[in-house]
Amino acid sequence: MTAELRHAVLGRVDERLDDAVALARELVAIDSTNPSFAGVERSAVLGGETRCNEVLRERYEAAGLETHWVAADPERRNLVGIRRGLGGGRSLILNGHVDTVPPVDPGAWTNGSPWNPEVRDGRLLGLGSTDMKGSGAAMWLVVQALEDEGVRLEGDLQLHSVVGEEMMEHYLGTTACIEAGFRADGAVVTEPSSFPAPLTVSPVAPGNWYLRIRVEGRSTHCGNRPLAIRPGGLGDAIGVNALEKAVKIVVALQELEAQWGLTKTHPHFWPGFFSLLPGVLYSDPGLPIPFYFPNQAEIQYSIWYPPQEEAGEVVREVEDYVLGVAALDPWLREHPPRFEWLNNWPPMETAWEHPLVQAMVRAHESTSGRPIPPPSPQHPVNFGAASDGSFLEDAGIPTVVFGPGDLKLAHCRDESIAIEEIAAAARSLAVCVVEWCGVA
C-alpha cells in the first residue's frame, strides 16, 4: 500500500465520519433485542434484527457491494455484502452482530430511553452503541471509503451483519452465513476491543460455560426454624432451607475462584481473569413470601476458562469441588446438588504470529501511531468475552477481534461509544483490508 493511497483512503474515512455517526444513530434507534432472552416478549422485538440489516443493505449497495440475505430463520435475516476482488488476493470477512441484550433499567437512562440515540461530549449514547452498532457503522465506513476512492482489491471483502450472537445462536447467524458458502481466508470480528488498551488487537478469547445448579430442601413453616437449626432440635427432619444450602455452594465456588486466580493462567490474559460468576440465585418456597422454608433453590453461573483447557476438564473440576464440599454437609451429602451444563461457548485462539493478526497489528500501529508490544500478562491482548470469532475459527477461518467500543460499557445502563473511536477503528480496518486483500 503506497503512502499516497493510504493517505487518500484515510481521508475518505474522515470525510464520511458524520455519515457513519448518522448510520449508528439509525441502528441504535431500532429495538433489536435478541428475542430469545428469558423474560423478553418475543413478539415485541422479533424483526428488529432484520430491520437493522435492511438499513445496512441500503448503505452496502450505495457503497458498491453485492448483497445477499441468509436466513436460517426467515424472521431473523443476516446480511452479507461483498466487494468483489479482481483475483489473486486473499479474501477477508468483517463480522458484526445487530442483536442486543435487553436494556438495564430502561426508565433511568440519561438520554431518556435506551433507543434514543443522543450525542453528548463526543459520545453516542444508546443501547447497542458499543455492542455493537458502532462497529456496524465502522464496517460500512471502510467499504464506503474504498468505494469513494475507487480502490480495486485483489481479494474479495465480505461484510457479515449477523443475528443471534448475544444468545450463542451462531447457527442462525455467523455459522449460517458460513454454511451458505460465504467463507474467506481470514476474518476480523469487530466487537468492542478497547480494553485493556484502546482498540486492542485480540486474537484470543476465553471459553465460557453456562451452568445451572439445583439444590433440594424440605419445606416447613417459618415458625419451625428454631427446631431446624438449634442443637437438640429436630434438624433436617423438620425442615431444610434450600436457599441457605445454595449459599454454601456459592461460598464454595468463591473459594475455587480464588484458587483459579493462581492455578489458571494464559500468557495473553491478565492474572485472575478466569472466574466463576453467580449471576442468578433464587429459591421457590411455593409463594414469594418468607414464611416457608424454600424447598428448592437454583444458582446460574457464567464460567470463564482458559483457551488451552478442554470444556470437559472444567466440568469435572467444578463438579468434584462442589460435591466435595457437599459431602461435609449431612443434608447435601444425601441430597447432592444437580448440575445442568446448559451450553459451552468455545474459546478462540489464533497465534499472535499469524499473518492476519500481524496485518491488523501493523495497520493499527500505522494509523494510531502507537506501538503494540508483544502480548504478555502486563500487556494482555485477549478479548475478555465471547464472540462469533469462536465459530469462524471452528470453521477453519483464522480470526482476530478488533473494533470500536469499550467492553466495560456493554450490557449496562447508559451504554455509549466514543465517536472518534468509530473513525479510528475504521482507519485501521481499512489499512488492514488493503494490505490483506491486496490492491489491483
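**Pockets, cavity and helices**

Apart from its neighbours within four places in sequence, N208 is in contact with S302, I303, W304, Y305, N343, N344 and W345, where contact means heavy atoms within 4.5 Å. The model is a predicted one, in which local features need pLDDT of at least 70 and side-chain atom pairs count only at pLDDT 80 or more, while totals for chains, interfaces and linings use all residues. Residues are numbered from 1 along each chain as its sequence is written, and side-chain values use heavy atoms, with hydrogens and water left out.

N208 belongs to strand β9 (residues 207–216); helices (H or I, at least four residues) and strands (E, at least two) are DSSP runs, numbered from the N terminus. N208 counts as buried because its relative accessibility is 10%, the term buried meaning under 20% relative accessible area, with exposed over 50% and partly exposed in between (1.4 Å probe, protein chains only). Its side chain makes a polar contact with the side chain of S302 at 2.9 Å. A polar contact is a pair of N or O atoms within 3.5 Å; within protein, one must be able to donate a hydrogen and the other to accept it, and residues adjacent in sequence count only if both atoms are side-chain atoms.

Pockets and cavities are found on a 1 Å grid over the protein atoms alone: a cavity is a set of points where a 1.4 Å probe fits but cannot get out, a pocket is an open set with protein on both sides within 12 Å along at least five of seven lines, and lining residues have an atom within 4 Å of a point. Grid points are joined across faces, edges and corners, and a volume is the space filled by probe spheres set on the points. Strands β9, β10 (276–283), β11 (296–305) and β12 (338–345) each supply at least two residues of the lining of the largest pocket. By class, that lining has 22 nonpolar, 8 polar and 7 charged residues; Ala, Val, Leu, Ile, Met, Phe, Trp, Tyr, Cys and Pro count as nonpolar, Asp, Glu, Lys and Arg as charged, and the others, Gly among them, as polar.

F37 lies in the loop between α2 (17–28) and α3 (42–45). With a relative accessibility of 18%, F37 counts as buried. Although F37 and E166 are 129 residues apart in sequence, their C-alpha atoms are 8.8 Å apart in space. Not counting residues up to four places away in sequence, F37 touches T100, V101, P102, E166 and M167.

The second largest pocket contains about 180 Å³ of space. Its lining consists of P196, A197, T200, V201, W352, R370, I372, P373, Q378, H379, P380 and V381. T200 is also among the contacts of S193, which include L199, S202, V401 and F402 when neighbours within four places in sequence are left aside. S193 sits in the loop between β7 (187–189) and β8 (204–205) and is buried, with a relative accessible area of 0%.

The structure holds 1 cavity of 30 Å³ or more, and about 70 Å³ of space lies in the largest cavity. Helix α4 (48–62), strand β3 (92–97) and helix α5 (129–149) each supply at least two residues of its lining. The largest share, 4 residues, comes from α5. The lining of this cavity divides into 6 nonpolar, 4 polar and 1 charged residues.

The 22 residues of α8 (residues 242–263) should span 32 Å at 1.5 Å a residue, and its end C-alpha atoms are 31 Å apart, which agrees; the expected span is 1.5 Å times one less than the number of residues. N241 caps the N-terminal end of α8, with a side-chain oxygen 2.9 Å from the backbone nitrogen of L243. The buried residues of α8 pack against β9, β10, β11, α9 and α10 (330–334); L253, L256 and W260 are among these buried residues. In α9 (residues 311–326) lies V318, whose contacts beyond four places in sequence include L253, L256 and W260. V318 is buried, with a relative accessible area of 0%. Helix α13 is mostly covered, since 17 of its 19 residues are buried, and α13 is followed by G438, whose phi is positive, near 85 degrees.
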